[in-house]
Amino acid sequence: MMFVLQKISNIYKAVLVRNLHLYNKSYVNGNWVSAACNKTFDVKNPADGSLVGTVPDMAVEDVQIALEKAYEAFHIWQEITAKERSLFLRKWYDLMVKNSEELANIMTLESGKPMIEARGEVAYGNSFIEWFSEEARRIDGEIIQSPVKTKQIILNKQPIGVAALITPWNFPHAMITRKAGAALAAGCSCVVKPAEDTPLTALALAELSREAGIPKGVFNVVTTSRSNAASVGKLFCESPLVAGISFTGSTQVGKCLYQQCASGVKRLGLELGGNAPFIVFCSADIDKAVQGAIASKFRNCGQTCVSANRFLIQENVYDIFVEKLKMAMKHIVLGNGLDPQVTAGPLINVSQVNKVQSIVQDALEKGAQVEAGGNPAIQHGELFYEPTLLTNVKENMLCYNEEIFGPVAPCISFKTEEEALKIANNTNRGLAGYFYSNDISQIFRVSRKLEVGMVGVNEGIISTAEAAFGGIKESGIGREGSRHGIDDFVYIKYMCLGNL
Ligand code: ADP
C-alpha cells in the first residue's frame, strides 16, 4: 500500500492519488469486490463534510459469500503451525508500522480525529498484531493429573472457526486489530464488518494483510451502509458458518446481537458502553488529576467507551479542581484534524451532536451551571461542539446517568468515600473507572469496591495490548487484549486416553 497524500488547494485537503481502487471495494477471499447489486455508499469527512471515498454496500447475499470463503480458508489456516501464523501476523504488523503515517491520515480523514491522536491509535492498533503474533505461539493446552492410573487427561485449545467481527467508528483501526489479532493467532479466519462511518481504515488494513501474504479468505472486510447493518448482523448471528461473534459498539445493538445469538447458542464477545466515574479524593495530586481528566475526558472528543463520564470531586478540593480543569480546557484547540495545531476534532455525525446538545440542554433546564463551553462550535463546522464543563449537577440529569460520548465534563461534589462509591456504582454499566488518591489503603479499598472491569488509579489512560480490556454488568462479556483475549476464539477440547 503506498497511499500518497497530495496537497491540493489548501493544506487540510488531502487526496489519495494511488491505489484508489482499494477505497471503493470490499475485500473478500483475497479479491477486491463490489456488491452484487453494485450499490455503494459515501464516506464523508466529519470535519467539513467533504467526500473521502465511496465503498460497496454489501448486502446479506454478498456477506454470505464472504462467510463461505472464510469457512473454506479456516480449514487451511487452522492446519498451519502456530509459528507460521505468528510470522504472518508479524509481517502484517511490520507493514502497519511502515505505513503508519498513511493509516493515520486515512483515519483522520474519515473519523475527524486529530493527527496526533490518529498516530497514537495507529501505534496502539498495530501493537495488538505485534502482541498476538507473539501470543500465537503460546496458546498451550494442559496435561492434568488423572485420578485413575490407567488414564491420561489432556486439554487442548482449538480455534472455534469463522469469527465475525463488528466494529465501531471511534477506533477504526484498533477495534479491528484487537479482535482480528486474537482470532487469527488462535487459528480462526474472520469477516470484519467495520462501521459505516469509517470503513476506509479497515480496507487499508485489508490491503496490508494481502501484502503480508496472509492466505486468501483468512481476513475479509465487508463494508455495509447503516441500512444493511442489521440484516448482516443477523446473518452473522444465525449462520452456521459463523462460530463466534465479537462486537464493540452501543449497548443497544449489543443486546440485540445477544438475543439473536441465543437460538444458535453462538459464542459472543461484547464490548459495550460505559459510564466511567472519575473520582478525585482530597489526598490526590490535583494537577495530576486534572491532567488525567483532560486525557480521559477529551481524547477523541469524549467519544470513547472508557471516557470519564462523571467527575466526582471530594468537597474540600472541588473548587480548586474545577478551576484548574477549566484552565486546562482552554488549551484544547478545535479544528480539522489534519491541522497539526488541532487537539480536538468534530463529533462523528449529526446524531452525536444532537445527543450531546440534548444532554447539555437537559442539565441546564434542571439547574446545572456552565463553567465553560455549552454550545455547538459551528464556526469550525457543523459537527463541532465546545469542550464543556458543568457544575451543580444533580441526580435527575441525563449527564449524571447516561453515557455522554462527547466533550462534556459534569462535576459532582461528594463528602465521603462511601458516598463516592455509592454514586460511582449506581449504574448498570461497569467498564472503566478512575480515581486519584495518595492514601494507600484507600487505593486498594476503592479499587476493589468499584464495580468496573478496569480501574485507573492516578492514571487517565489505561488501554494497552498487554492488559485485559472489558467490562462487567451491561458493559459486556469477555476480555480483549492480554493473553485472555485469545479465549473468545478457542475452545477447550478434552482428550481422555484410557486403558494405559
Ligand atoms: P454507534 O451508535 O456508536 O454507531 P452502533 O452500536 O450502532 O454504535 O454501531 C457499532 C457497529 O455496529 C457498527 O459497525 C454498526 O454498523 C453496527 N451495527 C449497527 N446496528 C447493528 C445491528 N442491528 N446489527 C449488527 N450490527 C449493527
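Analyst: Lys-473 counts as partly exposed because its relative accessibility is 35% (between buried, under 20%, and exposed, over 50%, with a 1.4 Å probe and protein chains only). This is a predicted model, numbered from 1 along each chain as its sequence is written; local features need pLDDT of at least 70, side-chain atom pairs need 80 or more, and totals for chains, interfaces and linings use all residues. Side-chain values rest on heavy atoms, with hydrogens and water left out.

Lys-473 belongs to strand β22, residues 472-473 (strands are DSSP runs of E, at least two residues; helices are runs of H or I, at least four; both are numbered from the N terminus). The phi of Lys-473 is positive, near 50 degrees, although this residue is not a glycine. Most residues other than glycine have a negative phi. Val-265 is also a non-glycine residue with a positive phi, about 45 degrees. Val-265 lies in the loop that runs from α8 (251-262) to β13 (267-271), and Val-265 counts as exposed because its relative accessibility is 73%.

Now to the rings. The charged end of Arg-178 sits over the ring of Phe-469, 3.9 Å from the ring centre (the rule asks for Lys NZ or Arg CZ within 6 Å of the centre and within 35 degrees of the ring normal). There are 11 aromatic pairs in the model (Phe, Tyr or six-membered Trp rings with centres within 6.5 Å; stacked under 30 degrees between planes, edge-to-face over 60, otherwise tilted). Trp-77 and Phe-88 make a tilted pair, with 5.6 Å between centres and 45 degrees between planes. This pair joins helix α1 (residues 60-77), which holds Trp-77, to helix α2 (residues 82-98), which holds Phe-88; the two residues are 11 apart in the chain. Trp-77 and Phe-88 are both buried.
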